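Reader: I would like to go through the terms used for this model one by one. Please set each value against its cut-off.

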Amino acid sequence: SPIFEDKQALIDFVNNFSHTRPLNWSEGLNVCDGWEGVSCSDDGSRVMAVRLGGVGFSGPIPANTLSRLSGLQFLSLSLNNISGSFPYDELGKLGNLSVLQLDFNRLSGALPSNFSIWSNLTVIDLSHNGFNGSIPSSISNLTRLTSLNLANNSLSGEIPDLQLPNLRQLNLANNSLTGIVPKSLQRFPASTTFYGNNVSAFLHVHSPSPSGPSPSPSPSPRRSSKRGRKLGGHALMGIIIGACVAAILGILLLLLLLMLCCWKRNGKTVLSRKLVRTPEKGVSRGRDGTKLVFLDGCCYSFDLEDLLRASAEVLGKGTFGTTYKAVLEDVTSVVVKRLKEVNVGRREFEQQMELVGRIRHENVVELRAFYYSKDEKLMIYDYYTQGSVSALLHGRQVESRITLDWDTRLKIAIGAARGIACIHTQNGGKLVHGNIKASNIFLNPANYGCVSDLGLTTTLMNPPGVRQISRVAGYRAPEVVDARKTSQQSDVYSLGVLLLELLTGKSPVNATGSDEVVNLVRWVQSVVREEWTAEVFDVELMRYPNIEEEMVEMLQIALACVVRMPEQRPKMSDVVKMLEEIRRLEAGIHPHSTSKSGGSTPSPLAIKPQSSSSPKAER
Ligand SMILES: Nc1ncnc2c1ncn2[C@@H]1O[C@H](COP(=O)(O)OP(=O)(O)OP(=O)(O)O)[C@@H](O)[C@H]1O
């Protein structure tokens, strides 16, 4: 029967096409409703759609596989590493194709000259490949076409006159096209559709007698020339008065802010009041013979007394206790983490603190000091004024926030991965962070990510209650059912979630704290697989030009980190290398590498072939 033959064709396809993400295509499952990425006709007689985005396919599409799916209408293989020329032999027989998405692959060579064989096509997306040659004029015969995306290839020559009345979306940006945009396509906005080519978008800009309904070619110069006219006396007077009023208002506002600031400061209590409920108990004065233990190389000179006198403000309540910002009398600010429910005795606690405190790495937040008494266990860190990556990404206060542009996000990702890779080399290569999430990542002076809060999950603490578990749920690997059973592989998963958070701008943790936790990983996977990949990216990032490829590379790395099976995830040292690869061509921003991750083996994942001959790499 046809469905059996379709099934066999798919088996041949996947068995002959190497990929990094496993598919659940077992012969025992029903191909029509059990196989990932496959959909059938209503009567289950034919395979109609194959959607296998981001599976990590690499190499050319195997011969005599897809061509046998003669009922296929929808084919999406976006976001893989497929190479070779346009798979004409495989696709040329699929006359029913309506949607063809091969974007974000490594295909090259010319596009087929005869597109007419796919007369049912409504959507073509071949963007972000290495196609060259000219745009075939036979596309003009695809009268049903509504969307055509050929952006970010190396297409050259003139744009053919495409008489396609149904075409609603067109993107030819970032190719090497020349000549004049044909009239039939002038209805599309030049700034986005034809950007990054050598074409002149509007013929009438240069013609002596401008006419026709097309948008005004360059309204800005005219507007600016008006602005450039001499100012009249009244206008000048108005400006001076306006400036004076603005200055006075500014000074008043400054005074108000100062007053508010003083008032707030006075409203704070000293740390000792926050720590001890009854003055004669606990931490006060280190009465049980304990004192603040500073770790080697620490730069602070205060003692416990000073710390207890410092004014303190709650920064937040985390999984393992409450975190304060303490401002000492000499205005040094430090962060004091007050641990609750420590599970171990003094010796073990001190050993763990020494282990953590020994780590010196520019991408790990250094533990400066600690304190252990019967009633109080404290950890002291530097205060990071910019706040955590979580606050930077999702915080409401927009003033004084550094902008998380793409470069900064990339640096945060690289830094965090380097920090975790360093942690993974500690304690004989066995140390686990166990609590990677955006509120534990800060920015170091060079704006690289810097990892904090390590050494708590695995041994020291009682397992957090259900409520706390759900706090980290968004980052927690599926195999981690007990918060103490984290592993280096589950750290990789959590970093993958952090990467997705940087890419999408969406938090994996439900802000309202209700039970319904948004599953960022599943959401991204489904969008990548079934829809339009660009939809996953943070709209904030859309204003930076020419970064899609880098975003997609990071997306591929993130998806490799969050695969379900722990042993299929890359090692953290590999993740570092893959992230660094994203910017290998721009030596300018290439971070000074200090990673101590060492012992590096090549990545087992074919995320990105080393020998890239794709012309897009030069862009
Ligand atoms: N060194 C620091 N500098 C500035 N802010 C910090 C510092 N350490 C922690 N914070 C912030 O203080 C708040 C509370 O931190 P805390 O580590 O207690 O909780 P958390 O990160 O929300 O959860 P968890 O306990 O699971 O790590 C967080 O918003 C965190 O970003």
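**Terms and values**

Author: Arg-418 and Glu-580 are both buried. The model is predicted, so local features need pLDDT of at least 70 and side-chain atom pairs count only at pLDDT 80 or more, while totals for chains, interfaces and linings use all residues. Residues are numbered from 1 along each chain as its sequence is written, and side-chain values use heavy atoms, with hydrogens and water left out.

Reader: What makes Arg-418 and Glu-580 a salt bridge?

Author: A salt bridge is a side-chain nitrogen of Lys or Arg within 4 Å of a carboxyl oxygen of Asp or Glu. The closest N and O atoms of Arg-418 and Glu-580 are 2.9 Å apart, so the pair meets the rule. Arg-418 is in helix α11 and Glu-580 in helix α16 (residues 572-582), 162 residues apart, and the pair links distant parts of the chain. Helices (H or I, at least four residues) and strands (E, at least two) are DSSP runs, numbered from the N terminus.

Reader: How many salt bridges does this rule give?

Author: The count comes to 14 salt bridges. Another pair is Asp-538 with Arg-409, with the closest N and O atoms 2.9 Å apart. Asp-538 sits in the loop between α14 and α15 (548-561), and Arg-409 in helix α11 (residues 406-429), 129 residues away.

Reader: Why is Arg-529 called buried?

Author: Buried means under 20% relative accessible area, exposed over 50%, and partly exposed in between (1.4 Å probe, protein chains only). Arg-529 has 17% relative accessibility, so the residue counts as buried. Arg-529 belongs to helix α14 (residues 520-530).

Reader: Are Arg-309 and Glu-329 buried or exposed?

Author: Arg-309 has a relative accessible area of 43% and is therefore partly exposed. Glu-329 has 66%, so Glu-329 is exposed.

Reader: What makes Arg-309 and Glu-329 a salt bridge?

Author: Their closest N and O atoms are 3.8 Å apart, and therefore within the 4 Å limit. Arg-309 lies in helix α8 (residues 304-309) and Glu-329 in the loop between β18 and β19, so the pair ties together parts 20 residues apart in sequence.

Reader: Which element gives the largest share of the shell around the ligand?

Author: That is β17, with three residues. The elements giving two or more residues are β17 (311-318), β18 (321-327) and β19 (333-339).
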